[in-house]
Amino acid sequence: MSFDPEVCETDLFEATDFTRGAEYEIGWSRSTGRVKQIFMENEFGHKCDVCDRLWFLRDLKTVTSSMASFLSTHFPEDDTTRFRLCSSCYSTSRRDKVPPMSMTNGYRYPPKPSGLPKLDPISERLVSPRIPYMQIRRLRRDGCHGIVGQVINVPVDVNTMVQSSPRSLDDYNSFNVNLKKSIIVKCSYLSGSVKKSTVKAWLVRYQVKSPMN
Ligand SMILES: [Zn+2]
């Protein structure tokens, strides 16, 4: 019996390629479907009906009948059978306890203001009455970061911010803002142009009576 190495290698390659290709296609289609399910069909911005916080769509769970009857005593004006809860509120409500971050405990967001211009990150910083400080640390080598410890809110004197803003500009003009962590630091951690009318509209509504000329 003669042995032809070229024929043998070709047959082996075709057989291996066919097997690997089929498995690869199956694995690829599963991975694609999983990515679509977890990320593309899982939009952010759905609120928990108990704590009013925003979550991804698949983070919310529907309530059971016993949980709905328990929650109806605390939310008498709402149809609790249609409630969708985050995992924290779900586990607490399942034990017939009111979640600590429940809206019934006062953790309710005020209604979204209407008629105000959209804020960019720098404008948000200028009209914010508090600055949140938090520790962000790298968790692994692959670039994941997480918040470690507590979030500390430092109050801001908005009047000081208003007095240091330029006053000789018209409302439709913009001015450049450079925010530094410290005066001795040369570089700015946030910089850009801010439209005066945007900041003025928010300050007039919420912070001071006559913020800018
Ligand atoms: Zn919740």
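User: How many helices and strands make up the secondary structure of the chain?

Analyst: This is a predicted model, and its chain can be read along the sequence as the pattern α-β-β-β-α-β-α-α-β-β-α-β-β-α. Counted by type, the secondary structure comes to six helices and eight strands.

User: What percentage of the residues of the chain count as buried?

Analyst: A residue is called buried here when its relative accessible area is under 20%. Applied to the 213 residues of the chain, that cut-off gives a buried share of 23%.

User: Which residues coordinate the zinc ion?

Analyst: The four donor atoms around the zinc ion form angles of 100 to 119° among themselves, and the site is tetrahedral. Along the sequence the donor residues follow the spacing C-x2-C-x34-C-x2-C. Each donor is an SG atom at 2.3 Å from the zinc ion, and the residues that supply these atoms are Cys48, Cys51, Cys86 and Cys89.

User: How many disulfides does a search of the whole structure find?

Analyst: A disulfide is a covalent bond between the sulfur atoms of two cysteines. In this model the SG atoms of Cys48, Cys51, Cys86 and Cys89 coordinate the zinc ion. As for disulfides, the search of the whole structure gives a count of zero.

User: Asp49 lies in the loop between strand S1 and strand S2; is Asp49 buried or exposed?

Analyst: The loop that holds Asp49 runs between strand S1 (44-47) and strand S2 (54-56). Leaving aside neighbours within four places in sequence, Asp49 is in contact with Phe75, Arg82, Phe83, Arg84, Leu85 and Met103. The relative accessibility of Asp49 is 18%, and because the limit for a buried residue is under 20%, Asp49 counts as buried.

User: Which residue has its backbone nitrogen 2.8 Å from a polar atom of the side chain of Asp49?

Analyst: The side chain of Asp49 makes a polar contact with the side chain of Lys47, at 3.4 Å. A polar atom of the Asp49 side chain also lies 2.8 Å from a backbone nitrogen, and that nitrogen belongs to Arg84.

User: Which element gives the most residues to the largest nonpolar core?

Analyst: The largest nonpolar core has 16 residues, and those with the most contacts inside it are Cys48, Val50, Val63, Leu71, Phe83, Leu85 and Cys89. The elements that give two or more residues to this core are helix H2 (65-72) and helix H3 (87-94). With four residues, the element that gives the most to this core is H2.

User: How many residues are in the second, separate core?

Analyst: Within the largest core, Phe83 is one of the residues with the most contacts, and beyond four places in sequence Phe83 touches Asp49, Val50, Lys61, Thr62, Val63, Leu71, Phe75 and Asp78. The second core is separate and includes Leu116, Met161, Phe175 and Leu179, and its number of residues is 15.

User: What are the buried residues of H3?

Analyst: The cover over the buried residues of H3 includes strand S3 (61-62), H2 and strand S4 (84-85). After H3 comes Asp96, whose phi is positive, near 55°. The residues of H3 that are buried are Cys89, Tyr90, Thr92 and Ser93.

User: Is Ser123 buried or exposed?

Analyst: Ser123 has its place in helix H4 (residues 121-127), and apart from neighbours within four places in sequence, Ser123 is in contact with Val194, Thr198 and Val199. The relative accessible area of Ser123 is 1%, and because buried means under 20%, Ser123 is buried.

User: With which residue does the side chain of Gln135 make a polar contact?

Analyst: Gln135 lies in strand S5 (residues 130-138) and is partly exposed, with a relative accessible area of 43%. Leaving aside neighbours within four places in sequence, Gln135 is in contact with Gly146, Ile147 and Val148, and the C-alpha atoms of Gln135 and Gly146 are 8.2 Å apart in space. The polar contact of the Gln135 side chain, at 2.7 Å, is with the side chain of Arg137.

Key:
Residues numbered from 1 in each chain as written. Predicted model: local features only at pLDDT ≥ 70, side-chain atom pairs only at ≥ 80, totals over all residues. Heavy atoms only, no water. Buried < 20%, exposed > 50% of the residue type's maximum accessible area, 1.4 Å probe, protein only. Contact = heavy atoms within 4.5 Å. Polar contact = N/O pair within 3.5 Å; in protein donor to acceptor, adjacent residues only side chain to side chain. Donors = N, O, S within 2.8 Å, 3.2 Å for Na, K, Ca; no water. Tetrahedral: all angles 85-135°; square planar, octahedral: opposite > 155°, others 65-115°. Core = buried A, V, L, I, M, F, W, Y, C linked by side-chain atoms within 4.5 Å. Disulfide = S-S within 2.5 Å.
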